[in-house]
Amino acid sequence: MKLRITLTLLILPLFKLSFAQDIKSAFDTTTYGRNPAVGKYADIRGFKMYYETYGKGEPLLIIHGNGGSINNFLFQIPYFAKNYQVIIADSRAQGKSVDPTDSLSYEMMTDDLNALLDKLNLKSCYVIGWSDGGINGLLLAIRHPDKVKKLAVTGANLWPDTTAVDPFVYNWAMKANKDIQDSLKKAKTPSPQLKNQAKLYHLLSFEPHITIAQLHTITCPTLVIGGDHDVLKPEHTMLIAHSIQNSYLWIIPNSGHSTPIFKKDQFNQVVGDFFAQPFRTIDKFGRFN
């Protein structure tokens with residue numbers, strides 16, 4: 001149960017309620033995710049994936065979370081587009097990337113992103129992933145290691161249980177999944193919207209299933225991020241970092257799951273510095289520095 005409280009259903013509504021009106025209107029009026037000047041569709045593995053690109057420089061792929069879309073990175077796109085070619089897409093069955101089929105998995109979405117990079121003739125790129133996007137980022141480095149130069153993930157988890165996920169959040173997600181499954185059974189003819197939500201909730205509740213052995217295969221420099229009060233337990237975030245050979249760990253104090261929003265300035269600067277500076281091994285007497 002990959003509890004990443006779906007962005008469209010919970011995180012962004014809470015964000016809008018708790019911040020000033022000018023912040024709320026920014027999400028409502030931004031052109032990111034609905035920019036006809038740069039928005040395109042690519043035929044990817046049986047569906048049309050919507051994506052946008054911004055800026056120039058080395059390519060940077062940004063991946064959103066469960067139920068989210070391009071505009072979730074309102075604060076990252078303009079920051080990173082100053083130095084990178086930012087590629088950001090609506091993942092399968094989310095945003096404008098409509099997929100009417102019944103199945104959905106992290107592996108499918110990861111392979112979709114790999115296919116998009118192939119379509120754009122990009123051999124490798126920097127990667128940022130938030131929540132489900134963090135899981136997809138880890139899987140991209142596992143399944144398509146040649147595609148990832150450096151990887152920054154925030155709020156990712158490896159498996160769906162309370163060793164990884166806060167128990168309150170875990171129980172909330174399991175109940176939400178049961179409720180939507182009950183609605184599907186009661187509906188004589190379930191709407192496409194209900195069926196799509198059921199796919200996302202199933203993903204939220206019963207996946208991913210990434211092993212420590214798989215993490216050991218990741219060779220690209222990786223920055224693993226989590227809030228100290230994230231929906232994922234800090235010790236699980238630490239486990240991810242400690243299982244990747246070339247990794248840094250950043251636990252953000254006074255922070256929950258939505259680090260790219262509530263900690264946007266810190267997030268952008270630290271991730272930007274991680275991409276720009278050479279990765280260094282800190283060992284032996286280097287640990288005193």
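User: Is Cys-125 buried or exposed in this model?
Analyst: In this predicted model, the relative accessibility computed for Cys-125 is 0%. Since burial is assigned under 20% relative accessible area, Cys-125 counts as buried.

User: Which cysteine has the sulfur closest to that of Cys-125, and how far away is it?
Analyst: A search of the whole structure returns 0 disulfides, and a disulfide would need two cysteine sulfur atoms within 2.5 Å. The closest cysteine sulfur lies too far from that of Cys-125 for a bond. Its partner in this comparison is likewise in no disulfide, and with a relative accessible area of 7% that residue is buried. The cysteine is Cys-220, and the sulfur-to-sulfur distance is 10 Å.

User: How many residues of strand 5 are buried?
Analyst: Strand 5 covers residues 125-130 and is described as mostly covered. The number of its residues that are buried is 6 of 6.

User: Which residue of strand 5 is the bridge partner of Leu-61?
Analyst: Strand 3, made of residues 58-63, pairs with strand 5 in the parallel sense, and 4 bridges hold this pairing. Within strand 5, the bridge partner of Leu-61 is Val-127.

User: Which residue in strand 6 stands opposite Gly-129?
Analyst: Strand 5 and strand 6, the latter spanning residues 148-154, run parallel and are joined by 5 bridges. The two strands also belong, together with helix 5 at residues 132-143, to a β-α-β unit that is right-handed. In strand 6, the residue opposite Gly-129 is Val-153.

User: What geometry do the rings of Tyr-248 and Phe-274 adopt?
Analyst: The structure holds 13 aromatic pairs, and in the one formed by Tyr-248 and Phe-274 the ring centres are 5.8 Å apart while the planes meet at 70°. The pair links distant parts of the chain, with Tyr-248 in strand 8 (residues 247-252) and Phe-274 in helix 11 (residues 264-276), 26 residues apart. As planes over 60 degrees apart fall in that class, the geometry is edge-to-face.

User: What accessibility class does Tyr-248 have?
Analyst: Phe-274, its ring partner, is buried at a relative accessible area of 6%. Tyr-248 has a relative accessibility of 24%, and the class between 20% and 50% is the one that applies. Tyr-248 therefore counts as partly exposed.

User: Which residues form one aromatic cluster with Tyr-248 and Phe-274?
Analyst: The two rings that make the edge-to-face pair are both members of one aromatic cluster.

User: How far from the ring centre of Phe-75 does Lys-264 lie?
Analyst: Lysine charges sit over aromatic rings at places including Tyr-50, where the charged end of Lys-96 is 4.7 Å from the ring centre. Lys-264 lies over the face of Phe-75, and its distance from the ring centre is 4.9 Å.

Note on methods:
Residues are numbered from 1 along each chain as its sequence is written. This is a predicted model: local features need pLDDT of at least 70, side-chain atom pairs count only at pLDDT 80 or more; totals for chains, interfaces and linings use all residues. Side-chain values use heavy atoms; hydrogens and water are left out. Buried means under 20% relative accessible area, exposed over 50%, partly exposed in between (1.4 Å probe, protein chains only). Two strands pair if DSSP finds at least two bridges between them. A crossover is right-handed if, with the strands pointing away from the viewer, the path from the first strand over the helix to the second runs clockwise. Rings of Phe, Tyr and Trp (its six-membered ring) pair if their centres lie within 6.5 Å; planes under 30 degrees apart count as stacked, over 60 as edge-to-face and the rest as tilted. A charge sits over a ring if NZ of Lys or CZ of Arg is within 6 Å of the ring centre and within 35 degrees of the ring normal.
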